[in-house]
Amino acid sequence: MPVLSEVIAALEALWPPERAEQWDAVGTVCGDPDAPVTRVLFAVDPVQEIVDEAVELGADLIVAHHPLYLRGTTTVSAGTFKGRVVHTLIKNDIALHVAHTNADSADPGVSDALAGALDLRVVGPLVPDASDPAGRRGLGRICELDPPVRLAEFAERVAKRLPATAQGVRAAGDPDRLIRTVAVCGGSGDSLFAEVRAAGVDAFVTADLRHHPASEAQQHSPLALVDAAHWATEWPWTEQAAAQLDEISDRYGWGLRTHVSRTVTDPWTAHAASSVTHHQ
Ligand SMILES: [Zn+2]
C-alpha cells in the first residue's frame, strides 16, 4: 500500500507542477505525506459535494482539476465555504491534490480527453508548448472528423457524448456548414480565438463563450462555435486521469481503488429554451 508522497510523486510525473501557468495554484492542498492511500476520487471541482462524496466512499485522496484556493488566504475557518472543505478533508484524513493548467498542457491532457469523448482524431496541440521537442504538449488540440458532419449534427454529438448538464450545448454559425476540422479546448477557451483562426479549422469547441468574443469571431470569419458547460468539457479528463493512475498502480502493485465522481458540479442547474419566434 503506497503512502501519499509516493502517489503524489506519480501524479507529478504525469502533470509536472512546473508546467502550470504562472498565475495558477497547483499541487497538494492538504494531506500527510506519510499517510497510506487506498482509494482515490477524481473530480473537476473541489467543492463540498465532492468532499462529502469522498467521505462517503472512504477515499484517502481527491485529485481535482480546479484549485481550491487560486490566491492566498488568511483563514481556513469552517465559517467560510472553502475553510469548511479544508476542515472536512482534514477531519476525515483525506488529502487534496490539484492538477490544473499542468494537466491542460500535458500529453495526454484535458483537451485530448475532450477530443476522445467526441470521437475526434487529434492532429496536434492548438498552442504547442515550445519546450516539448515531440510537439505533443500544449493548450487545446486540433482535430479531424472522419467523416465530416453538418454543424447541427456535430453540436448534437457534443451534447450526447459529454455528460448531461442543464446548460446543454449552444452552436454559432450556419447549421448546414460541413465540419471537417475542429479545435477543442476544455474549459474557458475564449483567449485562443487568434490561434483557432490561424489553425484554419471549421469549428471550435470550448466553454464559457461570451457575447463579444463570439460575435467578433463570427464577423471575422465563418468559424463555427460550439459552447458546452465548462464542467462537462473537463469531466472526460477525470476518467482519463483515473485510468492513468490505475496503470501506475498496476505497475507498482499498489492495488489502489480509483473512482470518478459523476456528481454534476456545473453551477447552472436549470435551462429554459426561448420560444423560437421573437415576440413582436
Ligand atoms: Zn476549468
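Predicted model: local features only at pLDDT ≥ 70, side-chain atom pairs only at ≥ 80, totals over all residues.
Leaving aside its neighbours within four places in sequence, which residues is L209 in contact with?

The protein is divided into two parts, domain 1 and domain 2. Domain 1 is made of residues 4-103 together with 234-259, while domain 2 covers 105-228. Between the C-alpha centres of domain 1 and domain 2 there is a distance of 27 Å.

The two domains touch each other: 12 residues of domain 1 are in contact with 12 residues of domain 2. On the domain 1 side, the elements that give two or more residues are α4 (101-104) and α9 (230-252). The most comes from α9, which gives 6 residues to this side. Sorted by class, the side of domain 1 that touches domain 2 has 6 nonpolar residues, along with 3 polar and 3 charged ones.

Now to L209. This residue sits in the loop between β9 (203-207) and α8 (211-220). Is L209 buried or exposed? L209 is buried, because 21 other C-beta atoms lie within 10 Å, and the cut-off for a buried residue is 20 or more.

With neighbours within four places in sequence left aside, the contacts of L209 are D190, A214, L225 and D227. G189 can be located relative to L209 as well: the two are 20 residues apart in sequence, and their C-alpha atoms are 7.6 Å apart in space.

Key
Residues numbered from 1 in each chain as written. Domains from an automatic or database assignment. Contact = placed C-beta atoms within 7 Å. Helix = DSSP H or I, 4+ residues; strand = E, 2+ residues; numbered from the N terminus. Nonpolar A, V, L, I, M, F, W, Y, C, P; charged D, E, K, R; others polar. Buried ≥ 20, exposed ≤ 12 C-beta atoms within 10 Å, placed from the backbone.
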